[in-house]
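Visitor: Can we go through this one together? I'd like to talk about pockets.

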Amino acid sequence: MNQEVYQQILKSLPASVRLIAVSKLKPASEVEAAYALGQRDFGENWAQELKEKHLQLPEDIRWHFIGHLQTNKIKFIIPYVHLIHSIDSFHLLQEVNKQAEKCGRVVKCLLQFHIATEETKFGFAMDECQEMMRHPAYQRMRNVEICGVMGMASLTSDSAQVHREFHQLHDYFVQLKENYFIDQESFKEISMGMSGDYPIAIEEGSTMIRVGSAIFGARDYGAR
Ligand SMILES: *Cc1c(COP(=O)(O)O)cnc(C)c1O
């Protein structure tokens, strides 16, 4: 890992922003190096990889699941996951609730919104999300706790566009807070910002940045 960059990022963060170190496709030894510096929040994209790392690494790590979650993989992460950032459909939330109930847990989740222009990115549209909020099946769920929103901006050098997209996500957060979560103190997280755009995300009100390659170096996707 790049310790210098890691320390610089930490130093630059306002007290209201938490750093999630994204360790996907990096060996457990890299997680240990960051752990030794005091890092406790780590992000992973794949259930199998997370399961293996969880078995090898210290118990007090808070594991954040940030990738697209397939319903048949939920059960591998439910017993220990700290926060699922990537709830991108009503169906997925229902399945997480079901597995969490079996486990006797209440699992913290964020609702992922589609804010980028790229079609390939996952996430709710606002009207779809509001429909879910009003659905009786949603209101009956007891084993998930919605703690906020997550989104990914477009991959572009146009910083004005990135500002607009993060601003949009912040807006969604405020609307949901006012309409559905006004009495729920734990609905307070806005997970936005990655290696290339986290300073903009912080300006737009991020509370959690998910940074991988800036800290751990480029990833080798060929390994998957
Ligand atoms: C990989 C990933 C990140 C980290 O990306 P970097 O550009 O390496 O910082 C953050 N969020 C999500 C959802 C990711 O998949």
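Visitor: Which residues line the second largest pocket?
Guide: This is a predicted model. In it, the lining of the second largest pocket consists of Tyr138, Gln139, Met141, Arg142, Val144, Glu145, Ile146, Tyr180, Phe181, Asp183 and Gln184.

Visitor: Which elements give two or more of those?
Guide: Helix H7 (136-139) and E6 do. E6 gives the most, with three residues.

Visitor: How do the lining residues divide into nonpolar, polar and charged?
Guide: Six are nonpolar, two polar and three charged.

Visitor: And how much space lies in there?
Guide: About 200 Å³.

Visitor: Let's pick Val144. Which strand is it in?
Guide: Val144 belongs to strand E6, residues 144-151.

Visitor: Is Val144 buried or exposed?
Guide: Buried. Its relative accessible area is 12%, and the cut-off for buried is under 20%.

Visitor: What is Val144 in contact with, neighbours within four places in sequence aside?
Guide: Leu93, Val96, Asn97, Val106, Val107 and Cys109.

Visitor: How far apart in space are Val144 and Glu44?
Guide: 20 Å, C-alpha to C-alpha. In sequence, Val144 and Glu44 are 100 residues apart.

Visitor: Switching topic. How much space lies in the largest pocket?
Guide: About 600 Å³.

Visitor: How many residues line the largest pocket, and which lie nearest its centre?
Guide: The lining has 31 residues. Lys24, Lys121, Met152, Met194 and Arg210 lie nearest the centre.

Definitions and conventions
Residues are numbered from 1 along each chain as its sequence is written. This is a predicted model: local features need pLDDT of at least 70, side-chain atom pairs count only at pLDDT 80 or more; totals for chains, interfaces and linings use all residues. Side-chain values use heavy atoms; hydrogens and water are left out. Helices (H or I, at least four residues) and strands (E, at least two) are DSSP runs, numbered from the N terminus. Buried means under 20% relative accessible area, exposed over 50%, partly exposed in between (1.4 Å probe, protein chains only). Contact means heavy atoms within 4.5 Å. On a 1 Å grid over the protein atoms alone, a cavity is a set of points where a 1.4 Å probe fits but cannot get out, and a pocket is an open set with protein on both sides within 12 Å along at least five of seven lines; lining residues have an atom within 4 Å of a point. Grid points are joined across faces, edges and corners, and a volume is the space filled by probe spheres set on the points. Ala, Val, Leu, Ile, Met, Phe, Trp, Tyr, Cys and Pro count as nonpolar, Asp, Glu, Lys and Arg as charged, and the others, Gly among them, as polar.
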